[in-house]
Amino acid sequence: IEECYLKPVLFSVSKYLTLLIEIHPINNVRVLKAVDSCVRVQFLYPVEDRNASTESRLLLVSEDKYVEQFDIRVVAEEEQKVVIEKSGQLPRAKVADDLVWAQWDMMEQRLFYIVPKESKSTLRCVQFYPDENFNSILESHLDISVNDTQLKLVNFGYDYCQDQDVASKSLNLQVFTSKAGGLCVCCSLASDTPDEIMYSIYFLHKGYNKTFTVSLERTESHQLKEVAFMNLDYYVAAYLPGQFLHLLNIQHPDLLCHSLFLTGEDARIDTLQNCSVRSPLMSTVLDCKTGSLFAVSINDSTLLQLLQKSKQDSERLAALHCALLYFQHTEDLEMQIIRWISENLSTCHSFDPIQEFIIASLYCRMCPETQNLDKLLPYTSLLDPIGVVPGVICATDIISLPVLEFQNSKGFWEKLNSNLESVKYAEPHLHYHNNVLRREWRNLSEEVIGLLLCSFVDFCLFTNQREEKRTTAYLRNIFENAKKYVLVSIVFSFSYFARLVPLFEEEDYQQQLLMGLMVAQLKDHLMRHLQYVGKKKIDQIVLDYVANLLNLIHRIMKEVWRRYQLHSCVFCFDERGSAGEFAVFHIMSRILEAANGMCMPLPPGFHTLHLGLGVRCLPLHTLLHYIDIGVLQLTETCVRKLLKDLDDTEQNEKLKFSIVMRLPEALGQKVRQFWNHPINANLIARKYVKILLENLGNRQCSKSIPERFSVPVEFLPLNYLTSMLTEIENQGSAHPYEKQDHVNARFVEEMALKHTMTLLGLKYS
């Protein structure tokens with residue numbers, strides 16, 4: 001069939017049931033119902049692939065609006081004959097009464113039916129079991145007005161002439177279920193306006209329904225048909241041939257921007273363009289005129305084309321989530337989505353595509369591992385819907401939750417019950433949110449962050465001196481978490497991604513702290529709601545979450561690096577960056593912005609590589625501006641390489657000096673030694689004097705000034721300063737430059753003289 005955007009891929013399949021009835025003896029026919037009444041029968045077979053049985057059960061649905069179950073047993077007689085045992089007294093049981101609508105679920109052996117009650121209707125479900133028992137398992141009140149003059153049957157076979165007559169007088173309604181425990185009631189509604197179509201989707205597992213009013217583009221009467229509903233598991237589709245195709249996300253219907261509304265050629269399905277269709281099974285469509293049954297699914301290539309050509313943010317967001325949710329962790333699809341993201345970072349104004357890709361991908365990867373995890377992890381970075389669909393009005397109403405009555409039932413009913421329980425406990429508040437993490441991160445003092453830049457051991461010493469504070473134990477616990485989980489990031493350093501993208505094997509203590517905070521917060525959140533899975537399992541879930549997070553960022557970097565054909569040796573400063581490197585720098589800046597917005601850690605070496613590309617690609621004033629506002633972070637690896645590799649031309653001196661002046665104190669002490677230049681030596685001397693004098697405080701020098709130098713300098717202020725520094729050194733004060741033994745009072749004196757001679761224009765010897 002001809003391809004079209006988001007058009008289901010249809011494959012014709014066949015499904016037959018054969019019924020053999022023997023009339024015996026002649027002229028003594030036993031009937032189950034009066035011959036002047038219309039009945040439908042449905043055989044029950046809850047056990048698949050069972051061997052030949054001498055017993056059959058069937059449902060009889062009468063136009064008198066009741067359903068009965070019959071048990072038919074057969075026995076073998078002489079001459080290999082088989083007859084019905086006790087055909088005059090067939091065991092029967094009443095299943096339902098006074099129904100006006102019924103739908104049979106063949107795969108799960110369920111009967112949904114509606115009973116009118118005053119101004120409302122009641123939906124019920126009967127579940128049939130292999131042990132010949134059945135019970136009413138669900139009851140839900142719906143605000144649906146039904147025409148009770150004629151019985152409407154769904155999935156009980158199809159008689160085109162008869163059913164067309166019934167359809168014109170009864171409600172177009174279907175019930176759909178999903179593997180994740182979703183339960184939806186879809187129905188079309190009468191509209192007073194001829195050029196409008198109305199339909200409602202009752203999300204019973206969420207406790208609300210949405211009613212859509214669609215203004216039609218064309219209103220030719222011969223083209224208008226009733227809305228057809230299709231079950232695509234994760235999505236419910238409302239389809240009006242020639243007008244629209246509406247894909248609604250069953251798992252997260254609260255944000256309509258996660259649902260796709262297509263019109264025109266995008267919504268065209270050629271094979272079903274002029275058909276009356278039904279969806280008897282999940283991902284199937286029945287052409288009622290021809291009797292053909294089609295398998296239906298979303299086409300990934302046309303979905304990507306829609307993502308690429310769409311101009312509306314809401315449509316882009318819906319297509320992005322549809323691709324990630326429906327096709328779940330397909331590497332080729334991920335690669336194409338990353339490519340689209342890298343090309344459209346500036347075109348999405350209402351949402352951050354990197355944030356949505358990371359969060360939605362984490363959700364799809366993690367949720368299948370553990371039951372109910374889908375109710376606890378975030379699935380979007382958005383708090384409010386974005387955009388509106390032109391010509392579509394949506395009204396949301398809260399409805400009462402269904403009542404379930406079952407014991408020890410597994411599968412769908414257990415998942416549905418779990419969904420209903422989460423709604424009772426205000427589901428939006430169950431999803432993990434980074435608000436608390438962001439607040440904790442901001443509350444950390446600059447003193448702690450500064451020590452982090454120095455070393456992890458220094459931080460531990462810092463906290464040990466403050467045992468009395470409650471936050472000390474908390475932060476120590478966070479760092480213990482970071483020690484365990486940082487191994488995850490180290491593993492990536494040796495992976496294929498690391499060989500392709502030059503991420504450095506370095507310790508980023510600031511990112512370790514953020515990772516530890518995130519681990520602590522996520523653990524606490526999961527422990528509150530998943531206690532039954534145990535601490536060991538929760539630890540593994542959190543470990544997998546962090547690993548997948550870092551993996552996704554590495555994946556983005558790998559695809560971007562490959563797309564712009566960069567090499568792993570790009571991290572050098574002897575030449576300016578290429579256009580490809582500038583594009584990668586821009587994408588890395590957006591990754592950093594997305595991570596900061598979600599308060600999520602980055603892989604080790606990310607800031608080093610980002611800063612290296614910034615040095616290569618940006619003019620000096622822009623580079624310094626990015627450093628000052630925090631877009632670029634000075635790292636020991638990058639600064640050390642910059643100071644060592646660049647020669648001391650006038651331009652490079654200006655760059656080095658600007659970088660050195662912006663270094664945090666702890667980091668500056670470690671890397672300034674790698675720049676052998678008078679300017680840097682002068683800075684070191686100034687810092688040394690400042691620190692020693694600060695340590696001295698208000699103490700007075702009591703000892704006589706020793707004679708230290710063989711050739712005294714005839715400059716009394718300098719003599720006094722060097723003598724004071726020497727005394728402080730002799731008193732055993734902590735050396736601020738422990739790893740640089742040459743930095744002492746003599747070094748300070750020499751740098752002072754050099755600087756003075758330079759200012760006077762004299763040559764120092």
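This is a predicted model: local features need pLDDT of at least 70, side-chain atom pairs count only at pLDDT 80 or more; totals for chains, interfaces and linings use all residues.
Strand 23 pairs with strand 15 (residues 208–215). The two run antiparallel and are joined by seven bridges. One of these places can be found by residue: T211 has A395 of strand 23 as its bridge partner.

**The chain overall**

The chain contains 22 helices and 24 strands. It has 765 residues, of which 51% count as buried. Among contacts with a separation of 6 or more, 62% come from residues 24 or more positions apart.

**Nonpolar cores**

The largest nonpolar core holds 122 residues. Which of its members touch the most others? They are I337, F357, I358, L526 and I591. Helix 13 gives the most to this core, contributing 13 residues.

I591 shows what such packing looks like in detail. Leaving aside neighbours within four places in sequence, I591 is in contact with I354, I553, I556, M557, L602 and F606. Another core, of 26 residues, lies apart from the largest one. Its members include W101, I114, I399 and W413.

**Helix 4**

Helix 4 covers residues 331–343.

The buried residues of helix 4 are L333, E334, I337, I338, W340, I341 and S342. An α-helix has 3.6 residues a turn, so residues three or four places apart point the same way. What covers the buried residues of helix 4 includes helix 2 (300–309), helix 3 (313–327), helix 5 (353–366), helix 13 (535–563) and helix 14 (579–598). I337 is among the core members with the most contacts to other members, and E334 belongs to a salt-bridge network.

**Salt bridges**

Side chains of opposite charge can pair when their charged atoms come close. The count for this model is 24 salt bridges. Three of them are tabulated here.

| D266 | K309 | 3.3 Å |

D266 and K309 form a salt bridge. The pair links distant parts of the chain, 43 residues apart: D266 is in the loop between strand 19 (260–263) and strand 20, while K309 is in helix 2. Is D266 buried or exposed? D266 has a relative accessible area of 13%, so D266 is buried. K309 is at 36% relative accessibility and therefore counts as partly exposed.

K410 is exposed, at 61%.

K523 has a relative accessible area of 13%, so K523 is buried.

Some salt bridges share partners. Through them, E334, R365, R555, K558, E559 and R562 are joined into one network.

**Two backbone exceptions**

Most residues other than glycine have a negative phi. D98 has a positive phi of about 60°, although it is not a glycine. D98 sits in the loop between strand 6 (92–97) and strand 7 (101–105). Its relative accessibility is 56%, so D98 counts as exposed.

S283 is the second case. S283 has a positive phi of about 60° and is not a glycine. Where is S283 found? S283 is in the loop between strand 20 (277–278) and strand 21 (284–287). With a relative accessible area of 22%, S283 is partly exposed. The boundary for buried is under 20%, so S283 does not count as buried.

Technical notes
Residues are numbered from 1 along each chain as its sequence is written. Side-chain values use heavy atoms; hydrogens and water are left out. Two strands pair if DSSP finds at least two bridges between them. Helices (H or I, at least four residues) and strands (E, at least two) are DSSP runs, numbered from the N terminus. Buried means under 20% relative accessible area, exposed over 50%, partly exposed in between (1.4 Å probe, protein chains only). The expected span of a helix is 1.5 Å times one less than its number of residues. Contact means heavy atoms within 4.5 Å. A salt bridge is a side-chain nitrogen of Lys or Arg within 4 Å of a carboxyl oxygen of Asp or Glu. A nonpolar core is a set of buried Ala, Val, Leu, Ile, Met, Phe, Trp, Tyr and Cys residues joined through side-chain atoms within 4.5 Å.
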